[in-house]
Amino acid sequence: MDPALRRRLEGRLGDRMTGPVRQRHDETEIRIGPADVPEVLRALYDEPDLRFRYLADLAGVDTGTAMQVVYHLWSDTTPDWLRVIADGLDRDAPRVPSITFLWKGAEWMEREAFDMFGIVFEGNRDLRRIYMPPDYRSFPLRKDFFLPDDAARSPGAGIRQMERSHSPRDATSTTLVRRSKAG
Amino acid sequence: MTAMTRAWSRVSIVGKAILIGVPALIVVSIAAVVGLVILGPAALDFLAANLPLVRFVVAVTAILLMTVPSAFLIIYMEMKVIALMNLRIGPDRVGPYGSLLSVIHGLKVLMKEDFTPTGADPIVFTWAPVVVYMAAVFSLLVIPFAPGLFGQDLNVGLLYFFAMGGLTVVGLLMGGWSSFNKYSLLGGLRSAAQVVSYEIPLTLSVVGVILLAGTMSVNGIVLAQSGSVLDWFIFKQPLAALIFFIAATAEANRTPFDLTEADSEIVAGFATEYSGMRFGFFFFAEYVNVFIVSAIFVSLFFGGWTSPFDWPFPVALALDPGSLGIGLLLLLAVVPVVGTLVLGAPFWLARPDRPTWEALVLGFIAFNLVAVAVILGWAFISFDWAIGLAWFMLKTYLFVFTFVWMRGTLPRVRIDQLMGFAWKWLLPAALLNLFVTAAAIVVVAR
Amino acid sequence: MTTRPEAPLPFDIPAHPSNDDPRVTLEEQLGVWEAVPPFPPQTEREAEFYTLRDGEMLINIGPHHPSTHGVLRVVMKINGEQVVDLDPVLGYLHRGVEKIAENADYHQTISHLDPLEYVASLFCEWPAVIAYEKLLDCTVPRRAEYIRVLSGELLRISSHALALGFHALDLGGLTPILYSFIERDEIVEMLAALTGQRMLFNYFRIGGVNGDLNHEFMSRLGDWMSRAVGQVEANMTLLNENEIFVRRNRGLGTMDRETALRMCWSGPNLRATGVPFDLRRAHPYSVYPELDFDIPTREEGDALARFLLRIDEVKQSLRIIDQCLHQMPDGPVMAKLPRLLRPRPGRAFAAIESPRGEYGVYAISDGTDQPFRFRIHDPSFLHLQAFNLLMPGNLIADWMALNASLDPIMGGVDK
């Protein structure tokens with residue numbers, strides 16, 4: 001709980017924040033819109049009295065109504081963690097600018113958020129799936145994701161062998177043996 | 001027929017063995033006697049006329065038969081010694097202290113599935129282990145185990161030895177290439193580069209020894225060291241010995257130069273796709289290589305079969321068993337029985353609940369051990385080749401132990417460090433040694 | 001879980017056409033597969049990586065490999081023996097822990113976290129319990145905090161011993177790992193006496209720890225401490241000055257401070273580059289403010305520095321354990337909390353210093369008895385990212401050494 005930090009943040013970023021600065025225990029939280037992410041984080045990085053140089057975590061969150069990207073930062077100017085929530089991403093087409101220009105290490109964390117939620121980070125050179133196979137079609141951590149037991153009815157249906165329905169009346173000609181080009 | 005089948009199935013295993021074995025034994029004995037009677041004299045004349053050929057065949061057979069047990073012994077030694085260095089126990093279930101482990105491993109590789117991976121060239125794939133194994137075995141031809149106990153005394157023996165060492169490269173490359181596997185390819189290429197690089201310091205370092213001994217025959221080199229301990233070439237060529245040892249470690253693909261089979265890097269290198277007896281061949285070949293390399297090191301620098309000190313007591317004990325005549329037969333008939341009874345008595349008396357037949361079996365085993373010890377002791381003091389062989393084996397296994405010790409202790413070098421070491425350090429050192437030796441010989445001769 | 005069978009695809013990512021693309025030919029005659037490059041490549045980086053120039057080839061290291069510290073697949077582009085580029089492929093051990101945690105009670109999530117960094121599992125439970133305690137606004141008794149620190153530091157020593165042993169093993173030395181495992185075995189037996197488990201401890205609870213110190217633990221700990229200081233070092237420094245080992249590791253994977261911070265590195269890997277960032281001092285948690293210990297750093301930033309730094313950290317951990325034993329207060333080991341936990345709706349983040357780096361948990365609670373979102377931040381994930389920077393120009397054998405010196409645990413990387 002660092003009131004000095006709160007004042008500095010409000011002074012520097014007041015016009016970007018979409019809500020009040022919240023502080024609880026040893027965490028300070030600010031909310032911004034997704035388009036402001038690069039400037040806000042660059043300001044937090046560069047300002048000499050803020051100096052949030054260490055990115056502790058980059059997480060995606062699906063709140064059911066919107067998507068969020070949550071950044072946790074550490075600075076040697078304050079004993080608090082700073083949580084920056086980029087709120088209000090559209091659940092159907094979430095897009096947010098990438099921060100790989102500041103921290104190269106965010107590349108894989110953004111890949112993970114993309115893999116789990118479908119959040120597209122614009123500017124990430126390598127935005128592909130990291131945990132799931134590259135041809136997987138759904139996003140596991142979304143709130144409307146189905147477990148593979150019901151996967152035949154889920155958006156990821158049809159690709160994996162296990163996710164296909166195996167009853168005889170669902171057999172089609174493509175479930176037969178695949179021929180090679182030679183034969 | 002069904003009555004016979006049923007009767008057969010009711011016979012126990014032992015019964016089946018007896019029912020098959022005894023008639024087979026009788027037939028074979030009759031055939032052998034008949035063969036000897038008819039062909040005997042002619043065969044003996046032929047053999048007597050071609051004694052060197054006979055000697056060669058016997059030597060080669062003995063050597064071939066010797067490779068597998070020595071490989072077994074070295075495998076067991078490696079596992080046990082490295083385990084003890086690692087503060088663990090190692091094999092200790094199969095046989096006393098795990099000594100039958102190698103036998104079980106041998107049986108295991110024989111029983112595995114024999115396959116060729118898809119895409120592999122079947123002929124090359126099959127012949128690669130054979131080439132590697134045979135290269136190892138061929139080298140044993142020129143090693144003198146004892147005075148008079150060598151395969152063939154080639155007067156270019158050492159050159160032949162190094163040629164056979166180079167033959168292993170062919171086998172490794174064949175294995176690596178034909179496996180249709182990138183890991184194997186890498187392993188094969190690494191090994192080719194390694195062996196070829198280390199051949200040169202290896203051969204250059206022994207040229208000094210050749211100059212000193214005046215001959216390339218390994219037997220000749222050993223004979224040149226047979227004066228006293230100080231005649232051993234280790235004292236006259238210490239640098240060469242060091243270079244040879246290091247280069248030989250690389251030739252034998254042993255740690256720290258075991259990148260070809262670095263099992264934490266490229267799984268098993270060139271041998272990744274091999275299983276069963278094919279892998280067994282590679283495996284045995286490596287250990288036979290260790291033995292060979294130690295044997296040559298001992299022959300070249302440590303006097304081979306010469307002993308470092310003289311026996312303090314008179315050696316020859318003229319005991320000619322044939323002079324006993326009929327008494328020999330009596331001895332052979334009576335001594336085993338008496339020995340079994342005498343040696344079984346303590347077992348029988350010590351534990352009253354032990355069945356008598358068990359005590360007799362233990363006595364028989366004890367008698368066999370005593371008899372073997374006595375015969376070996378008599379051979380040791382009567383035949384000079386026995387002493388020589390014992391010394392040779394002792395020294396060789398000392399260096400085998402050193403190889404095993406290095407494996408348990410040292411990490412691996414990288415391929416570029418390895419090649420750099422060979423070309424930048426060992427080769428100049430070997431050349432330096434050669435020049436100094438040649439100069440010294442010229443100076444001393446003058 | 002809602003089920004909407006007719007939900008349209010929210011987002012049409014074209015399926016990877018490896019199975020269906022007619023341009024990809026299966027070599028039926030041979031029946032063998034290449035490390036299939038995605039075709040067409042989906043990102044810039046893939047296109048750059050999977051374009052092979054003259055003399056380059058793709059080789060798979062893993063996922064089934066003796067020295068990948070778990071199931072990690074690395075597609076390497078090599079030119080002979082030299083590595084030109086690397087593409088780590090993760091996900092072979094992905095268990096969906098974050099999703100499972102959304103369906104589990106708060107107490108149950110603790111035991112789901114153990115298998116993440118299975119070598120040092122108490123450090124996986126710790127940030128979660130801290131985060132939950134923040135959400136519940138409960139204080140942990142001091143004795144419980146001291147026990148947490150004590151068991152954590154013991155586990156840190158054990159984990160570093162394991163890391164050093166595997167480093168040596170990957171380089172070909174067969175012996176140091178067994179010496180390290182002597183230490184690890186003793187510590188693990190101690191912790192088994194304390195927690196009941198040798199490996200996945202499930203010991204920390206929300207509000208404290210599961211059980212108090214017992215006689216067997218204290219006697220084992222006393223025995224070990226009486227001979228620990230010299231022996232631990234001796235067991236882990238078998239290879240310190242071995243010429244071969246030093247030449248393999250010196251100058252390998254040298255990371256400078258700035259790049260390490262940009263890659264979000266933490267833990268011993270970061271401290272080996274010279275940045276004295278340790279969460280126990282940078283953002284103190286538990287009772288670390290009361291304990292006296294140093295933060296060892298090294299300047300070189302190569303694999304040898306990381307190796308030696310882990311040994312230094314073990315010495316510091318021994319100091320901490322000593323102080324814990326002397327300063328251990330009396331009291332309860334568990335705070336009074338209701339059985340069914342319903343924290344206030346809110347968000348909490350906690351991060352601790354695990355033997356690998358910063359281990360973080362971000363928990364969102366919506367007032368029910370199951371977490372709404374449970375995010376785990378693993379340090380090894382980010383260390384692996386640096387392969388692309390550190391490897392090119394080195395040889396394949398160097399990858400094993402580098403991987404071992406970075407000490408990733410794939411359970412945490414893949415979650």
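What follows is a close look at how chain C meets its two partners, beginning with chain B.

Biologist: Which residues and elements of chain C make up the side that touches chain B, and how many residues does chain C bring into contact with chain A?

Modeller: Everything here is read from a predicted model, and the values are computed from it. On the side of chain B, 36 residues of chain C are in contact with 28 residues of chain B, and the area buried between these two chains is about 2700 Å², with carbon and sulfur atoms giving 61% of that area. Two salt bridges are counted between chain C and chain B, and one salt bridge joins the side chains of Arg190(B) and Glu81(C), with an N to O distance of 2.6 Å. Polar contacts link seven residue pairs between chain C and chain B, counting pairs in which both residues are at pLDDT 80 or more. The elements of chain C that each supply at least two residues to this side are strand 1 (57-61), helix 5 (142-170), helix 6 (176-195), helix 8 (243-249) and helix 15 (396-406). Strand 1 of chain C gives the most, with five residues. By class, the residues on the side of chain C that touches chain B divide into 21 nonpolar, nine polar and six charged.

Turning to chain A, the contact takes 62 residues from chain C and 67 residues from chain A, and the two chains bury about 6100 Å² between them, 56% of it on carbon and sulfur atoms. Twelve salt bridges are found across the interface of chain C and chain A; Glu46(C), for example, forms a salt bridge with Arg128(A), where the closest N and O atoms are 3.4 Å apart. Across this interface there are also 36 residue pairs in polar contact, again with both residues at pLDDT 80 or more. The side of chain C that touches chain A has 28 nonpolar, 13 polar and 21 charged residues.

Notes: Residues are numbered from 1 along each chain as its sequence is written. Chains are lettered from A and ligands numbered from 1 in the order in which they are written. This is a predicted model: local features need pLDDT of at least 70, side-chain atom pairs count only at pLDDT 80 or more; totals for chains, interfaces and linings use all residues. Side-chain values use heavy atoms; hydrogens and water are left out. Contact means heavy atoms within 4.5 Å. Buried area is the accessible area (1.4 Å probe) that two parts lose on being put together, summed over both. A salt bridge is a side-chain nitrogen of Lys or Arg within 4 Å of a carboxyl oxygen of Asp or Glu. A polar contact is a pair of N or O atoms within 3.5 Å; within protein, one must be able to donate a hydrogen and the other to accept it, and residues adjacent in sequence count only if both atoms are side-chain atoms. Helices (H or I, at least four residues) and strands (E, at least two) are DSSP runs, numbered from the N terminus. Ala, Val, Leu, Ile, Met, Phe, Trp, Tyr, Cys and Pro count as nonpolar, Asp, Glu, Lys and Arg as charged, and the others, Gly among them, as polar.
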